[in-house]
Amino acid sequence: MTIQLPSADGSLRTYEPRTEPSHVSPGTPFTSRTVFSAAHVVADPYADVSPDSPAAVDWDATLAFRRHLWSHGLGVAEAMDTAQRGMGLDWAGAAELIRRSAAEARSVGGRIACGVGTDQIAGGSLAEIRAAYEEQLAVVEESGAQPILMASRALAAAASGPEDYLEVYGRLLRQSAEPVILHWLGPMFDPALEGYWGSADLDAATDTFLEVVAAHPDKVDGIKVSLLDARREIDLRRRLPRGVRCYTGDDFHYPELIAGDDQGFSHALLGVFDPLGPLAAEAVRVLDTGDTAGFRSLLDPTVELARHLFQTPTRFYKTGVVLLAWLAGHQSHFAMVGGLQSARSLPHLARAYELADVLGLFPDPKLAEERMKNLLSLYGVTP
């Protein structure tokens with residue numbers, strides 16, 4: 001059997017899907033790296049909502065997907081941008097997501113860390129921004145999850161320079177009950193975060209970021225860097241205080257960054273490990289044995305798919321992630337919070353399917369093929 005896939009030039013190409021299903025057995029937690037998958041939310045396709053309405057979430061399917069990730073030994077990074085924070089999921093929805101997922105994590109023994117931001121306010125003074133952070137931090141700590149202090153659009157707009165970041169983050173870290181993960185999300189993921197840490201000069205911004213960490217090393221478990229710049233991440237992690245981890249958020253260079261070098265390595269907190277979960281888990285277990293070449297042989301071939309999903313405009317990578325979850329059978333539909341299933345073109349989605357199928361990511365290739373054909377038919381592509 002073959003499938004006709006559309007290309008960007010308007011032509012159709014013939015692709016022959018795999019027939020052998022993929023199978024990666026669930027496994028135990030890793031020993032050499034700490035690895036989180038930033039998980040997507042599953043929308044409720046039957047909810048009568050408009051794009052500007054509060055998110056309607058299918059809680060059963062959303063939590064089932066998290067159990068899938070935990071079963072493979074991955075941690076779940078909850079309520080991050082992969083879950084459409086700031087792109088359809090508001091703070092009320094995120095708070096419920098945090099509480100539900102944290103409770104589910106306790107019931108299955110899964111590791112969970114949750115995003116703390118300021119998205120309940122559109123802007124304000126530094127005091128109001130700090131109060132918004134504190135409100136969200138309290139929710140995450142009360143849930144029993146590890147906090148991830150996310151970059152704030154409101155702070156990016158209100159801060160007059162590095163000293164404002166030092167003041168806001170310093171206060172938050174001093175009152176945090178347990179060590180947190182600090183998240184630096186680059187403007188390619190969210191244009192509103194341009195100039196974060198008080199400067200558009202990344203060298204100056206890095207110095208401020210590291211100053212925050214150095215002032216509170218006992219309150220920082222690690223940093224998550226999402227700048228899509230491998231060399232900068234390597235330089236940054238070499239400057240971290242002893243005991244502070246670097247969690248790569250680089251969806252372009254993750255195999256080399258996780259593998260590391262003779263001076264260290266990165267752990268991982270990645271959106272691309274949503275669709276790659278079982279395969280990524282298998283690769284990290286190979287790395288646990290000391291077989292770096294084996295790890296790279298499994299994970300390097302996935303980079304082409306990752307670069308495709310995260311191509312410009314990068315913030316819409318979530319559409320491809322949800323497409324692949326649907327094709328893999330993790331949810332019954334291809335609908336997204338805020339209608340973002342329309343944020344990528346049909347040729348983009350077709351190529352994502354093809355690359356994922358080549359990698360063997362679909363437990364049931366026939367189901368994936370049938371669903372892709374159904375999607376294509378809605379756009380007028382017929383066999």
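## Structure report: barrel, salt bridges and backbone details

At 17% relative accessibility, L228 counts as buried (under 20% relative accessible area is buried, over 50% exposed and in between partly exposed, with a 1.4 Å probe and protein chains only). L228 sits in the loop between β8 and α7, and its phi is near 55°, a positive value in a residue other than glycine. Helices (H or I, at least four residues) and strands (E, at least two) are DSSP runs, numbered from the N terminus.

The model is predicted: local features need pLDDT of at least 70, side-chain atom pairs count only at pLDDT 80 or more, and totals for chains, interfaces and linings use all residues. Residues are numbered from 1 along each chain as its sequence is written, and side-chain values use heavy atoms, with hydrogens and water left out.

**The barrel**

A barrel is closed by 8 strands in the order β3-β4-β5-β6-β7-β8-β9-β10, with parallel pairing. Two strands pair if DSSP finds at least two bridges between them. On average, neighbouring strands of this sheet are turned by 25° against each other, direction ignored. Axes are lines fitted to C-alpha atoms, for helices over the stretch in contact, and angles run from 0 to 180 degrees between N-to-C directions.

Strands β3 (residues 35-38) and β4 (residues 75-78) run parallel and are joined by 3 bridges; S37 has V76 as its bridge partner in β4. Helix α1 (residues 59-71) lies across β3, β4 and β5 (112-116), at about 140° to β4.

Helix α1 contains R66, which counts as buried at 0% relative accessibility. Leaving aside neighbours within four places in sequence, R66 is in contact with A39, H40, V41, V76, E78, L97 and S101; contact means heavy atoms within 4.5 Å.

Between β8 and β9 the chain passes through helix α7 (residues 230-238) in a right-handed β-α-β crossover. Right-handed is used where, with the strands pointing away from the viewer, the path from the first strand over the helix to the second runs clockwise. I223 has C246 as its bridge partner in β9.

Strand β9 is in turn joined to β10 (residues 267-270) by 2 bridges, and these strands run parallel. The chain crosses from β9 to β10 through helix α8 (residues 254-259), and this β-α-β crossover is also right-handed. T248 stands opposite A268 in β10.

**Salt bridges**

Side chains of opposite charge can pair when their charged atoms come close. A salt bridge here is a side-chain nitrogen of Lys or Arg within 4 Å of a carboxyl oxygen of Asp or Glu. By this rule the count is 21 salt bridges. The table lists some of them.

| Pair | N to O distance |
|---|---|
| E354 and R13 | 2.5 Å |
| R130 and E167 | 3.4 Å |
| E167 and R171 | 2.7 Å |

For the pair R13 and E354, the salt bridge joins side chains at 2.5 Å. E354 lies in helix α13 (residues 346-359) and R13 in strand β2 (residues 12-15), so the pair ties together parts that are 341 residues apart in sequence. E354 is buried at 13% relative accessibility, whereas R13 is partly exposed at 23%. R13 and E354 also belong to a network of salt bridges with E304 and R351.

R130 and E167 form a salt bridge through their side chains. R130 is in helix α3 (residues 126-143) and E167 in helix α5 (residues 162-175), so this pair ties together parts that are 37 residues apart in sequence. The relative accessible area is 14% for R130, which is buried, and 26% for E167, which is partly exposed. E167 also forms a salt bridge with R171. Both E167 and R171 lie in α5, 4 residues apart, about one turn of the helix. R171 is partly exposed, at 39%.

**Helix packing and backbone details**

Helices α12 (residues 317-327) and α14 (residues 365-378) pack at about 125°, with their axes 8 Å apart. That angle makes α12 oblique to α14 (under 35 degrees is roughly parallel, over 145 roughly antiparallel, 65 to 115 roughly perpendicular and the rest oblique). L323, W326 and L327 in α12 meet L367, A368, R371, M372 and L375 in α14.

The peptide bond from T312 to P313 is cis, with omega near -5°. P313 is placed in the loop between α11 (303-309) and α12.

A79 has a positive phi of about 55° although it is not a glycine. A79 is in the loop between β4 and α2 (91-108) and is buried, at 0% relative accessibility.
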